[in-house]
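Colleague: Could you walk me through the charged pairs here, slowly, since I am new to this?

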Amino acid sequence: MRVLITGNLGYVGPALARHLRLTHPDWILDGLDSGFFAECLPDPTLEALFDRQHFADMRDIGPHQFDGIDAVVLLAAISNDPMGARFAAVTDAINHRAVARIADTAAQAGVRALVFASSCSVYGAASDRARREDDMLDPRSEYAHSKIAAEAALRAHASTAMHVTCLRFATACGWAPRLRLDLVLNDLVAHAVLAGEINVLSDGTPWRPLIDAADMARAIDWAIGRDGAPFCLCNTGSDDWNWQIRTLAEAVAAAVPGALVRINADAPSDPRSYRVDFSRFATLAPDHQPRMTLSGSIQRLRQGIIEAGLTADDLRAPSTVRLKKLDQLIAAGRLAPDLRWRAP
């Protein structure tokens, strides 16, 4: 089995590669990445996880990239709401249109499985009950809109020859070598460890489902080899991991002695509040269900942050906040406003 992973040098890619190396040591892993964040908390061992590394823009991938490839995992994306708001057109071009072209090219090249990292953010404002895959969507960001459009495009490319799986992931969290602090749990833990306080900007009532990066890797492993219908779309996470923000903050404070919690009780309500039903994933992938506990994810984050030698200066630094890194590269003249690399 030869697997091509796009966005392999980001936050989730290394966790996926390490998991696949352990569970399928005979597989060949190819990585394809733009290199936007390769400078963020650099770790030479990450590249060593892959048999081949390509540096390329998702928008420029050609047929030759799929020679001998059996499965494709699409992780690469403009990957949160602030980046989507800042780069709306680019978000659609990469997260949707490039994904559709890759699916078409992969199908023509004989790829047998395509796995797409989608998002539960497509549910938007849905805190009244846990949302299922067939419920109405309420996207509140360019990021969410792009994921919905990509899912529709991918559905059209699914066939008995190429199975397509769209994993609507809960919000990612957990320790990873190329750590992101622009994710809710990671941000709370980092502030508790490095600043001694947790400032919740909302009133703490919004709901978020979470999934540890290690469990995302387990789900992708299942999707690569799954049997069944040519097209599969499922919420990916655990019913036990639907949390209100204030509960997360309190759990972090309990795990980090001395950390203070401040919640902005007067903040306007956050429209991005949603709970998610993960029963379809539990039925389809009983052997690949999330294993991490909330306390386990918090402790691994705390330990990793300390061992990595991060400081309070890293809390809002380009090395850990993706939008700041893109803005830094643009200000330095290395990236164009459309997020294409400029010639040196």
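Modeller: In this predicted model, Arg-132 counts as partly exposed, because its relative accessibility is 45%.

Colleague: Which residue does the Arg-132 side chain meet in a salt bridge?

Modeller: The partner is Asp-277, and the N to O distance in that salt bridge is 3.4 Å. Arg-132 sits in the loop between β6 and α5, while Asp-277 sits in the loop between β14 and α9, so the bridge ties together parts that lie 145 residues apart in sequence.

Colleague: And Asp-277, is that buried or exposed?

Modeller: Asp-277 counts as buried, because its relative accessibility is 13% and the cut-off for buried is under 20%.

Colleague: OK, new topic: what does Arg-140 pair with?

Modeller: Arg-140 forms a salt bridge with Asp-138, and their closest N and O atoms are 2.9 Å apart. Arg-140 is partly exposed at 42% relative accessibility, and Asp-138 is also partly exposed, with a relative accessible area of 25%.

Colleague: Where do Arg-218 and Asp-215 lie?

Modeller: Both belong to helix α7, which covers residues 213–225, and being 3 residues apart there they are separated by about one helical turn.

Colleague: Which residues do salt bridges with shared partners join into one network?

Modeller: That network consists of Asp-57, Arg-59, Asp-60 and Arg-340.

Colleague: Last one, how many salt bridges turn up in the whole structure?

Modeller: Searching the whole structure gives 21 salt bridges, and the one between Arg-132 and Asp-277 is among them.

Definitions and conventions
Residues numbered from 1 in each chain as written. Predicted model: local features only at pLDDT ≥ 70, side-chain atom pairs only at ≥ 80, totals over all residues. Heavy atoms only, no water. Salt bridge = Lys/Arg side-chain N within 4 Å of Asp/Glu carboxyl O. Helix = DSSP H or I, 4+ residues; strand = E, 2+ residues; numbered from the N terminus. Buried < 20%, exposed > 50% of the residue type's maximum accessible area, 1.4 Å probe, protein only.
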